Amino acid sequence: MNVNRAGSMEEFRNALRDWDVPGQNFVYGDGEGNIGYQTTGKHPLRSSHEGRSPAVPSAGEKWEGTVPFDMMPGLYNPDRGFIVSANNPVADSGYEFLIGSEFANGYRALQIENRLNELGNTIEIDDLKSVHADVYSLHAKEFVVQMLEADAETAADGYAKYEEWISSQNGTRDAADTSEKKLRSLESLVEDVLDLWRNWDFTMEADSPQALAYAYVWRELILNTMEDEFPPPGSVRGSISDYESFFHILFSDPDHRFWDYRPSDGAENMKDIISRSLAEGVSKAAEEHGMNPDKWKWGDVHGVEFRNATLGESGIPVVERLFNRGPFPVPGHGSTVNVTHWSLNRPFDVTSIASQRSILDAGNPDNSLFIHPGGQSGHPFHRHYDDYIPVWVNVEYHPGRFSRGAVEADAGSRLIQLLPE
């Protein structure tokens, strides 16, 4: 309640002193142009233990208080004129306290920062709409740079050698057709994909063939690198974006032991695994979407379904069709500003999204905008059950009125007054 009544950054921070659980990122703005940020939560100070595993009290692993609120990360009117909070780390490596370890990898935050720097000192509401809709992928750019070091012939030949070895070992994967005709066809497909990537702007649009090819090859690269480290097959799981930081480091070390495929007789390096993954990813994409990469579309596999939390997961198809909506093709991925996560165990279905988008005008609150997916009604036959979905998908907005006069003016004849008898 005190947060809602705050009239300054100081009052705002003081109101947050009592915010113990859960730890949150709070941002502040007022009509005078001031901006601020504050981390919250009670974060324990431990004697000799970070809390990543159960403590052993007999070994002296215990709490010794909590991080003082006044020493928690915060900002007020930074010189650069903006604050970015996108689940990224909120303090650098020099910060003396441990206040968390599960942060986003920073690609989204960096892209937001890039966009705001490009926009300069005068930013309009339409500019912020374009930032919300941004699906430029810094990771895809980094990834494709590595892929373009490979060549189609090497990729196809590496794929053949690997499949032949798998067949000779009676492995879990079915032996592929490695005939000369098949390999030359695969070589041609890989070259087509490389050509598409050479002319890509690295935006993960729903109709992008480059984005679909990137996702298929990226998934194969993760599995080919990690499955032999964490057997059996199928045990490598999780959000795709969780692996981006790991491979960011791995790409800088072409001979790291993780590149070697342990079961094989030889010693593979980064080039070997990239080539094989390139061929496998392209091959699987072609099997599912046809032999013409120009016609591939990311949105054909990357869609969001809005599932009712109760009857929508009943297991009864006819009931689920009544309560659920989708899937709807969407752009982006887990590290784009317009975020649409997917996971290894559910490729390429969307697993989490931006649950709300808001553009708040502190100088004129009635000029604000917002949208969230779904609707305002919980009744599947009501017109407001799902009418926000297309607005959300298209990164559009509804007015966000704050003053009583503006709310009543918008309500019109739909205003319901509840009066005592």
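## Basis of the model

The model is predicted, and local features are given where pLDDT is at least 70, side-chain atom pairs count only at pLDDT 80 or more, and totals for chains, interfaces and linings use all residues. Residues are numbered from 1 along each chain as its sequence is written, and side-chain values use heavy atoms, with hydrogens and water left out.

## Overall build

The protein chain holds 13 helices and twelve strands, where helices (H or I, at least four residues) and strands (E, at least two residues) are DSSP runs numbered from the N terminus. Along the principal axes, the C-alpha atoms of the chain fill a box of roughly 80 × 60 × 50 Å. Of the contacts with a separation of 6 or more, 61% are between residues 24 or more positions apart, a contact being heavy atoms within 4.5 Å.

Of the 421 residues in the chain, 42% are buried; buried means under 20% relative accessible area, exposed means over 50%, and partly exposed lies in between, with a 1.4 Å probe and protein chains only. The accessible surface of the chain comes to about 23,300 Å², and carbon and sulfur atoms provide 49% of that area, which was computed by the Shrake-Rupley method with a 1.4 Å probe, only the protein chains shown counting as cover for residues. The chain carries 36 positive and 66 negative charges, whose mean positions are 4 Å apart. In this count Lys and Arg are positive and Asp and Glu negative, while His and the chain ends are not counted, and each charge is placed at NZ of Lys, CZ of Arg, CG of Asp or CD of Glu.

## The sheet E1-E2-E5

Three strands in the order E1-E2-E5 form an open sheet with antiparallel pairing, two strands being paired if DSSP finds at least two bridges between them. Strand E1 (25-29) and strand E5 (74-76) are the edge strands, each pairing on one side only. From one strand to the next the twist averages 15°, with axes fitted as lines to C-alpha atoms (for helices over the stretch in contact) and angles running from 0 to 180 degrees between N-to-C directions.

E1 and strand E2 (residues 35-39) run antiparallel and are joined by five bridges; the bridge partner of Val27 is Tyr37 in E2. Helix H2 (residues 9-16) packs on this sheet and touches E1, E2 and E5, its direction making about 160° with that of E1. Elsewhere along E2, Gln38 stands opposite Phe26. E1 and E2 form a hairpin with five residues between them, and Gly33 in the turn has a positive phi of about 90°. On the E5 side, three bridges join E2 to E5 in antiparallel fashion, and Gly36 has Tyr76 in E5 as its bridge partner. E2 is mostly covered, since four of its five residues are buried.

## The sheet E10-E11-E12

Another open sheet of three strands has the order E10-E11-E12, again with antiparallel pairing. Strand E10 (357-359) and strand E12 (398-400) stand at the edges with a single partner strand each, so one side of each is left without a neighbour in the sheet. On average, neighbouring strands of this sheet are turned by 30° against each other, direction ignored.

Strand E11 (residues 368-371) runs antiparallel to E12 and is joined to E12 by three bridges, and Ser368 stands opposite Gly400 in E12. Helix H4 (residues 125-132) packs on the sheet, where H4 touches E10 and E11 and its direction makes about 160° with that of E10.

## Backbone features and loops

Two cis peptide bonds may be noted here: one joins Gly326 and Pro327, with omega about 5°, and another runs from Pro347 to Phe348, with omega near 0°. Pro327 lies in strand E7 (residues 325-329), whereas Phe348 is in the loop between strand E8 (340-342) and strand E9 (350-353).

Asn87, in the loop between E5 and helix H3 (107-119), has a phi near 65°, a positive value in a residue other than glycine. Phe202, in the loop between helix H7 (180-198) and helix H8 (209-226), also has a positive phi, near 65°, and counts as buried because its relative accessibility is 14%. Val56 lies in the loop between strand E3 (44-46) and strand E4 (63-66), and is partly exposed, with a relative accessible area of 37%. The C-alpha atoms of Val56 and Asp92, 36 residues apart along the chain, are separated by 29 Å.
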